[in-house]
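Please keep the sequence and the model at hand while reading.

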Amino acid sequence: MTGSEHPPLHATLEPLAGLLGSFTGEGRGEYPTIEPFAYRETVTFGHVGKPFLAYTQRTSHLATGAPMHAESGYLRVVPASVAGGHASLELVLAHPTGIVEVEEGPLGREGGTLVLELATTTVAGTATAKDVRALRRRFVLDGDRLSYEVAMAHADTPMTHHLAAVLHRDG
């Protein structure tokens, strides 16, 4: 294979084909324990022909361009035949802050949009990681527009809205 050729997309990933590529845009973050902030973000979904999508996310400060956060991992589709009648998703993410999260949820559609609703089944952290207890993510892909919301439970703070962004397909 040359650098410009891609292997075929694994059949289980067909429902997620619209996610392939990079999306860039802006978002806002808030949480009871921090000051609100704005950021610029790029999210990329890629594949190598295996039954998972590779996911990377990078943010930078909207005003200064300084790096803020990053995460990377893998998104898998659990076929309906395995998941008890409805296709579901598994997302595994690693954060440079010492947190690893496993999220699961249904794969759905609302009209013509792809909707991924994920919630943590496991959060683990290093000895120095912040005390994140749980996360929820909702991605909505509508054509070339990817939007998402993230909620988080941390230490003594219950599940609370944390992030929201609207990204557009690059290129």
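Rings of Phe, Tyr and Trp (for Trp, its six-membered ring) are taken to pair if their centres lie within 6.5 Å, and a pair counts as stacked with planes under 30 degrees apart, as edge-to-face over 60, and as tilted for the rest. By that definition, a search of the whole structure finds five aromatic pairs. The model is predicted, so that local features need pLDDT of at least 70 and side-chain atom pairs count only at pLDDT 80 or more, whereas totals for chains, interfaces and linings use all residues. Residues are numbered from 1 along each chain as its sequence is written, and side-chain values use heavy atoms, with hydrogens and water left out.

**Aromatic pairs**

Two of the pairs share tyrosine 55 and are set out here.

| Pair | Distance between ring centres | Angle between planes | Class |
|---|---|---|---|
| Phenylalanine 45 and tyrosine 55 | 5.4 Å | 55° | tilted |
| Tyrosine 55 and phenylalanine 139 | 6.5 Å | 80° | edge-to-face |

Phenylalanine 45 belongs to strand 2 (residues 34-46) and tyrosine 55 to strand 3, ten residues apart; strands (E, at least two residues) are DSSP runs, numbered from the N terminus. Because tyrosine 55 lies in strand 3 and phenylalanine 139 in strand 8 (residues 132-142), their pair ties together parts that are 84 residues apart in sequence. Phenylalanine 45 and tyrosine 55 are both buried, and so is phenylalanine 139, where buried means under 20% relative accessible area, exposed over 50%, and partly exposed in between, with a 1.4 Å probe and protein chains only. One aromatic cluster is formed by Phe45, Tyr55, Phe139 and Tyr148.

**Strand pairing**

Two strands are said to pair if DSSP finds at least two bridges between them. Strand 1 (residues 21-31) and strand 2 run antiparallel and are joined by ten bridges, and they form a hairpin with two residues between them. Strand 2 is also joined to strand 3, by eight bridges and again in antiparallel fashion; this hairpin has six residues between its strands, and glycine 49 in the turn has a positive phi of about 90°.

Serine 60 itself counts as buried, at 18% relative accessibility. Leaving aside neighbours within four places in sequence, serine 60 is in contact (heavy atoms within 4.5 Å) with Tyr39, Arg40, Gly65, Ala66, Pro67 and Met68.

**Buried leucines and the nonpolar core**

Leucine 53 lies in strand 3, which spans residues 53-61, and is buried with a relative accessible area of 0%. Not counting residues up to four places away in sequence, its contacts include Leu9, Leu16, Phe45, Tyr74 and Leu75. Leucine 9 is 44 residues from leucine 53 in sequence, yet 9.4 Å away in space, C-alpha to C-alpha.

A nonpolar core is a set of buried Ala, Val, Leu, Ile, Met, Phe, Trp, Tyr and Cys residues joined through side-chain atoms within 4.5 Å. The largest such core has 34 residues, and those with the most contacts inside it are Leu16, Leu19, Phe45, Leu75, Leu116 and Leu146.

On a 1 Å grid over the protein atoms alone, a cavity is a set of points where a 1.4 Å probe fits but cannot get out, whereas a pocket is an open set with protein on both sides within 12 Å along at least five of seven lines, and lining residues have an atom within 4 Å of a point. Grid points are joined across faces, edges and corners, and a volume is the space filled by probe spheres set on the points.

The largest pocket contains about 750 Å³ of space. Of the 29 residues that line this pocket, the closest to its centre are His69, Thr97, Met152, His162 and Leu163.

The count of cavities of 30 Å³ or more comes to one, and the largest cavity has a volume of about 40 Å³. Its lining consists of Phe45, Tyr55, Leu75, Leu91, Leu116, Leu118 and Phe139.

Conventions:
Helix = DSSP H or I, 4+ residues; strand = E, 2+ residues; numbered from the N terminus.
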